[in-house]
Amino acid sequence: MSSSSFSSTSAKKLKIGIIGFGPFAHFLAITMIKQGHSVSATSRSDYSQLSRSMGISFFRDMESFIQSEQDVFLISTSILSLSEVVNSIPFSCLKRPTLFADVLSVKEHPRDILLKAVPEESDVLCTHPMFGPESGKDGWKDLTFVYDRVRIRDEAISSAFLRIFQSEGCKMLEMSCEEHDKLAARSQFLTHTIGRILSEMEIESTSIDTKGFQKLVELKASTTKDSFDLFSGLFVHNRFAHQQACNYFLIP
């Protein structure tokens, strides 16, 4: 789908319900609110005070949340907890067909879970913003946003959601979930693996660092800012990552 397709829906403001309101979801919500979208959230942890300060409605009860008639339910859980969270969603409480989107760092895993759980009349959009609070702190211009329109009937809603990222200057890249995971296994997973190895080696800056070694120290610092759950999820729930580990790290 072209950028012009997104642009045609630029005036549409969405009601977006976020499931899993951790740091990455906070980060996305700031821009969504800035653009004029209405955001609500639910999470296993209590973010009611933070949500209130951001102008976000926070629901402690999943059933009430699902009944709140959102245009989009955006899933922003950890990779490892996705299955449990989706199984806890009372889909029978949906009052109308709705778009379910995710922003996880693997794509086949959420695609398969959502296609199995989400009612046939609702849509499924799998996405991966290839940036986060640190790399996107100065804006999203030229940062990559990958998406797969897995099951879309309501073109207006899905296009309006994608427009959130396109309008911020993201490089919009439509790609199958399979292709995403193949590439991510050779890039994101490999980066995190090397960063974790460097962390285990406890490398630190010295007074005689080369430029190359400085880059390794920076890599260790950037990857260890992310949770170990993320690293585990990138391995456990990307079938191509396991093959990469077998090829390069002699894991049986």
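Me: Why is cysteine 126 called buried?
Reply: In this predicted model, the relative accessible area of cysteine 126 is 0%. Buried means under 20%, so cysteine 126 counts as buried.

Me: What makes cysteine 177 buried or exposed?
Reply: The relative accessible area of cysteine 177 is 1%. The limit for a buried residue is under 20%, and cysteine 177 is therefore buried.

Me: How do you know how many disulfides the structure holds?
Reply: A search through the whole structure gives zero disulfides. For cysteine 126, the nearest cysteine sulfur belongs to cysteine 177 and is 4.1 Å away. For cysteine 177, the nearest cysteine sulfur is in turn that of cysteine 126. A disulfide requires two cysteine sulfur atoms within 2.5 Å, and at 4.1 Å cysteine 126 is in no disulfide.

Me: What makes strands S6 and S7 a pair?
Reply: At least two bridges are needed for two strands to pair. Strand S6 (residues 123-129) and strand S7 (residues 144-151) have five bridges, in the antiparallel sense. Cysteine 126 takes part in this pairing, with aspartate 148 in S7 as its bridge partner. Helix H6 (residues 108-117) packs on the sheet and touches S6 and S7, as well as strand S4 (72-75) and strand S5 (99-102). The direction of H6 makes about 160° with that of S6.

Me: How do you know which strands stand at the edges of the sheet?
Reply: The open sheet has eight strands in the order S3-S2-S1-S4-S5-S6-S7-S8, and its pairing is mixed. Strand S3 (57-59) and strand S8 (171-174) each have a single partner strand, so one side of each has no neighbour in the sheet. From one strand to the next, the twist averages 25°.

Me: Why is S1 described as largely enclosed?
Reply: Four of the five residues of S1 are buried, and S1 is therefore largely enclosed by the rest of the structure. S1 runs parallel to S2, and five bridges join the two strands. Isoleucine 16 has valine 39 in S2 opposite it.

Me: What makes up the largest nonpolar core?
Reply: This core has 35 residues. Those with the most contacts inside it are Ile18, Leu28, Met32, Leu74, Phe161 and Phe165. Among the elements that supply at least two residues each are strand S1 (15-19), helix H2 (23-34) and helix H7 (155-166). With neighbours within four places in sequence set aside, leucine 28 is in contact with Leu74, Val103, Trp140 and Phe165.

Me: Why is serine 158 called buried?
Reply: Serine 158 lies in helix H7. Its relative accessible area of 1% is set against a limit of under 20%, so serine 158 is buried. Beyond neighbours within four places in sequence, serine 158 is in contact with Leu99, Arg149 and Ile152.

Me: How do you know where the buried residues of helix H8 lie around its axis?
Reply: In helix H8 (residues 177-186), the buried residues are Cys177, His180, Asp181, Ala184 and Ala185. They span an arc of only 130° around the axis, and therefore lie on the same side of H8.

Definitions and conventions. Residues are numbered from 1 along each chain as its sequence is written. This is a predicted model: local features need pLDDT of at least 70, side-chain atom pairs count only at pLDDT 80 or more; totals for chains, interfaces and linings use all residues. Side-chain values use heavy atoms; hydrogens and water are left out. Buried means under 20% relative accessible area, exposed over 50%, partly exposed in between (1.4 Å probe, protein chains only). Axes are lines fitted to C-alpha atoms, for helices over the stretch in contact, and angles run from 0 to 180 degrees between N-to-C directions. Contact means heavy atoms within 4.5 Å. A nonpolar core is a set of buried Ala, Val, Leu, Ile, Met, Phe, Trp, Tyr and Cys residues joined through side-chain atoms within 4.5 Å. The arc is that of the directions from the helix axis to the C-beta atoms.
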